[in-house]
Each structure stands twice: as structure tokens, then as C-alpha cells.
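Biologist: Please take a close look at one part of this model, the pairing of its strands, and describe what surrounds it. I would value one connected account, with the cut-offs for each term.

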Amino acid sequence: MYLFAWIRADGSNTIVHELEYDYIAPIQGTMAIVKKGDKWGYLDIRGELSTPVHFDSIMIDGVYSFVNGISIFQKDGLYGVTDGVQFSKPVFDDINTLELDDYVTGSFNGKQGYININGEFTEDQEEAYWM
């Protein structure tokens, strides 16, 4: 376990918030990915959890990060998507992102399709969320 801290950026080096996590990714946009034990979660830029640390995995293309503001998480063998604030339910069998200029695709109940802006499955490409 490591001790991390949010430090005031005004040059005073004042500790704003102490955090105990095994891993904290660099902030991307307004969120950071954290790990405690074998579970993952998201911190906002104030160092506050935007969700409990309870996801089994948080990855995009094998990297723990946000791509164009979207992150993929896994819980209980199913996948969901988040921007760190809005979370889809983890109902997808699989979620894929191929390139930065591609749709978020996935499978749901054996059907291949797209993930829309609301984190829901759709077979209609016009409703797909563009990465």
C-alpha cells in the first residue's frame, strides 16, 4: 500500500488530501483511475471517489486509462463504460475499442453492435458513440 497525496499547486506544497491506494494513474481530464487491493475505481480531481473501489478491471485496449473521455470497466465478468461520472450498468459480454477514431462496439446477449452515448447497447450504427 502506498500513500499518495493531492498537493496544492500554488507552490506551497500543502497536502490537500492524503490517499491510500496501491496504484493511482495520472489524472486524465478530470479523473484518475485507482486500485486498492484487487479492485479498481475512479477519483475526481479533488481526490474524492466518484464510485466505490469495486470494479474487477478498468481498461481500454490493455491500458488503464480514458480514451476520449471514456473508460471501460469490468464487474462480475461483464463490462460497462463510463466517463468517470455517468456509468452504464455492467451488462455487456464484451466491449471493444479499436482505434481512437472508431465506434465503441460490444456484444450483448450474443448480438454484436454498438454502445450509445447513454452506455446502452444498440444495433443501429447511427446511434453509436463515436470515440
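**Strand pairing and its surroundings**

Modeller: Serine 57 has glutamine 74 in E7 as its bridge partner. The model is a predicted one, in which local features need pLDDT of at least 70 and side-chain atom pairs count only at pLDDT 80 or more, while totals for chains, interfaces and linings use all residues. Residues are numbered from 1 along each chain as its sequence is written, and side-chain values use heavy atoms, with hydrogens and water left out. Strands (E, at least two residues) are DSSP runs numbered from the N terminus, and two of them pair if DSSP finds at least two bridges between them.

E6 and strand E7 (residues 71-75) run antiparallel and are joined by two bridges. They belong to an open sheet of three strands in the order E6-E7-E8, with antiparallel pairing. Strand E6 (57-58) and E8 are at the edges with a single partner strand each, so one side of each has no neighbour in the sheet.

Another open sheet of three strands has the order E3-E4-E5, and its pairing is antiparallel. Its edge strands, E3 (23-24) and E5 (39-44), each pair on one side only. Two bridges connect E3 with strand E4 (residues 31-36) in the antiparallel sense; isoleucine 24 has valine 34 in E4 as its bridge partner. Lysine 36 lies over the face of tyrosine 21, 5.8 Å from the ring centre (a charge sits over a ring if NZ of Lys or CZ of Arg is within 6 Å of the ring centre and within 35 degrees of the ring normal).

E10 and E11 form a hairpin with two residues between them, and asparagine 109 in the turn has a positive phi of about 50 degrees. E10 is joined to strand E11 (residues 111-115) by four bridges, and the two run antiparallel. Threonine 105 has tyrosine 114 in E11 as its bridge partner. Strand E10 (residues 104-108) has four of its five residues buried, so the rest of the structure largely encloses it (buried means under 20% relative accessible area, exposed over 50% and partly exposed in between, with a 1.4 Å probe and protein chains only).

The structure holds five aromatic pairs (rings of Phe, Tyr and Trp, its six-membered ring, pair if their centres lie within 6.5 Å; planes under 30 degrees apart count as stacked, over 60 as edge-to-face and the rest as tilted). The pair of phenylalanine 92 and phenylalanine 108 is edge-to-face because the ring centres are 6.2 Å apart and the planes stand at 65 degrees. Phenylalanine 92 lies in the loop between E8 and E9 and phenylalanine 108 in strand E10, so the pair ties together parts 16 residues apart in sequence. Phenylalanine 92 counts as buried, at 1% relative accessibility, whereas phenylalanine 108 is partly exposed, at 28% relative accessible area. Phenylalanine 108 also forms a tilted pair with phenylalanine 121, at 5.6 Å centre to centre and 35 degrees between the planes. That pair links distant parts of the chain, phenylalanine 108 in strand E10 and phenylalanine 121 in strand E12 (residues 121-122), 13 residues apart. Elsewhere, ring pairs link Tyr42, Phe55 and Phe73 into a cluster.

Lysine 89 lies in the loop between strand E8 (78-82) and strand E9 (94-97). Lysine 89 counts as exposed, at 65% relative accessibility. Not counting residues up to four places away in sequence, lysine 89 touches Tyr79 and Gly80 (contact means heavy atoms within 4.5 Å).
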